[in-house]
Amino acid sequence: MKLTNIALGIATAAAIFVAGCVSSPQTVSEESLGLRKTDLYTEQTTVADKTMYKEAVPGTGVTFERAFENAPPMIPHSVDGMLPITIKDNQCTTCHLPGIAESMNATPIPKSHFTDFRPETHLSKDGKIVKDGKTVENTSDLLVSNRKLNDLAGARFNCSQCHAPQSEGQLVDNNFKADFRAPNANKASNLIDNINEGVK
């Protein structure tokens, strides 16, 4: 009896939905469905807007405000001849290493990039988890390791995995406005100070 009532209710709802769709005089064109504003049959001739990257030489570009707190800053200058970054060649460090950056009018690499956040974790002979020399039951809710390094952390060496050149000509405008909790957080990183925020 209950199943019959449920089935009847579903059938009624479906009939009302279909009737509403059929009786609707409004049609939607293919051109209005996507970002490209072309129909599905002109794939060969559809060309996206050209992205225009900044051509300013290093040291002269105007930096964008960060997209959100501790977001990787965008690169405000041309990167011609600087990419790809390889294990033997990282042009970014030429100007952005602390101690050099200030004299080059460049943003210094932050302390977080000279820190190893990866814990030394392994299983002991009896199958227990050992993190940074201590036996733990679970590693999911523990403070992040925070070992200071003398050199740039290997995980941070490939700058272009997070930092991208500033550009104009995006297909969709970005209207997002971030709330920054600290003064100057729209221009500088404080990740090293709050990376363990909310962790017990």
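The following legends describe close-up views of a predicted model.

**View 1. The three-stranded sheet is open and antiparallel.**
The strands of this sheet follow the order E3-E4-E5. Strand E3 (121-123) and strand E5 (134-136) each have a single partner strand and stand at the edges, so one side of each is left without a neighbour in the sheet. On average, and with direction ignored, neighbouring strands of the sheet are turned by 35° against each other. Strand E4, made up of residues 129-131, is joined to E5 by three bridges. One of the residues involved is isoleucine 129, whose bridge partner in E5 is valine 136. In general, the strands of a sheet pair through backbone hydrogen bonds.

**View 2. Histidine 77 is a buried loop residue.**
The loop that holds histidine 77 runs between strand E1 (52-53) and H2. Histidine 77 counts as buried because its relative accessibility is 10%, and the cut-off for buried is under 20%. Residues up to four places away in sequence aside, histidine 77 touches Lys54, Ala56, Val57, Pro58, Met82 and His96.

**View 3. Histidine 113 lies in the loop between helix H2 (92-96) and strand E2 (115-116).**
With a relative accessibility of 15%, histidine 113 counts as buried. When neighbours within four places in sequence are left aside, the contacts of histidine 113 are Asp151, Leu152, Ala153, Arg156 and His163.

**View 4. A cis peptide bond joins leucine 83 and proline 84.**
The omega angle of this bond is about 5°. Proline 84 belongs to the loop between E1 and H2. Asparagine 70 is also found in the loop between E1 and H2. Its phi is near 65°, a positive value in a residue other than glycine. Asparagine 70 is buried, because its relative accessible area is 18% and the limit for buried residues is under 20%.

**View 5. Asparagine 105 has a positive phi in the loop between H2 and E2.**
Phi of asparagine 105, a residue other than glycine, is near 60°. At 59% relative accessibility, this asparagine counts as exposed, since the cut-off for exposed is over 50%.

**View 6. Asparagine 150 is exposed in the loop between strand E6 (147-148) and strand E7 (167-168).**
The relative accessibility of asparagine 150 is 78%, and the residue therefore counts as exposed. Asparagine 150 and threonine 115 are 35 residues apart in sequence, and their C-alpha atoms are 8.6 Å apart in space.

**View 7. The largest pocket holds about 1,200 Å³ of space.**
This pocket is lined by 49 residues, and the closest to its centre are Pro73, Met74, His96, Thr107 and His163. Helix H2 supplies the largest share of the lining, four residues. By residue class, the lining of the largest pocket divides into 25 nonpolar, 20 polar and four charged residues. His96, among those closest to the centre of this pocket, is also one of the residues that histidine 77 touches. His163, likewise among those closest to the centre, is one of the contacts of histidine 113.

**View 8. The second largest pocket has a volume of about 500 Å³.**
Its lining is formed by 15 residues. Those nearest the centre of the second largest pocket are Phe64, Glu65, Ala67, Asn174 and Phe176. The lining residues divide into seven nonpolar, four polar and four charged.

Definitions and conventions. Residues are numbered from 1 along each chain as its sequence is written. This is a predicted model: local features need pLDDT of at least 70, side-chain atom pairs count only at pLDDT 80 or more; totals for chains, interfaces and linings use all residues. Side-chain values use heavy atoms; hydrogens and water are left out. Helices (H or I, at least four residues) and strands (E, at least two) are DSSP runs, numbered from the N terminus. Buried means under 20% relative accessible area, exposed over 50%, partly exposed in between (1.4 Å probe, protein chains only). Contact means heavy atoms within 4.5 Å. Two strands pair if DSSP finds at least two bridges between them. Axes are lines fitted to C-alpha atoms, for helices over the stretch in contact, and angles run from 0 to 180 degrees between N-to-C directions. On a 1 Å grid over the protein atoms alone, a cavity is a set of points where a 1.4 Å probe fits but cannot get out, and a pocket is an open set with protein on both sides within 12 Å along at least five of seven lines; lining residues have an atom within 4 Å of a point. Grid points are joined across faces, edges and corners, and a volume is the space filled by probe spheres set on the points. Ala, Val, Leu, Ile, Met, Phe, Trp, Tyr, Cys and Pro count as nonpolar, Asp, Glu, Lys and Arg as charged, and the others, Gly among them, as polar.
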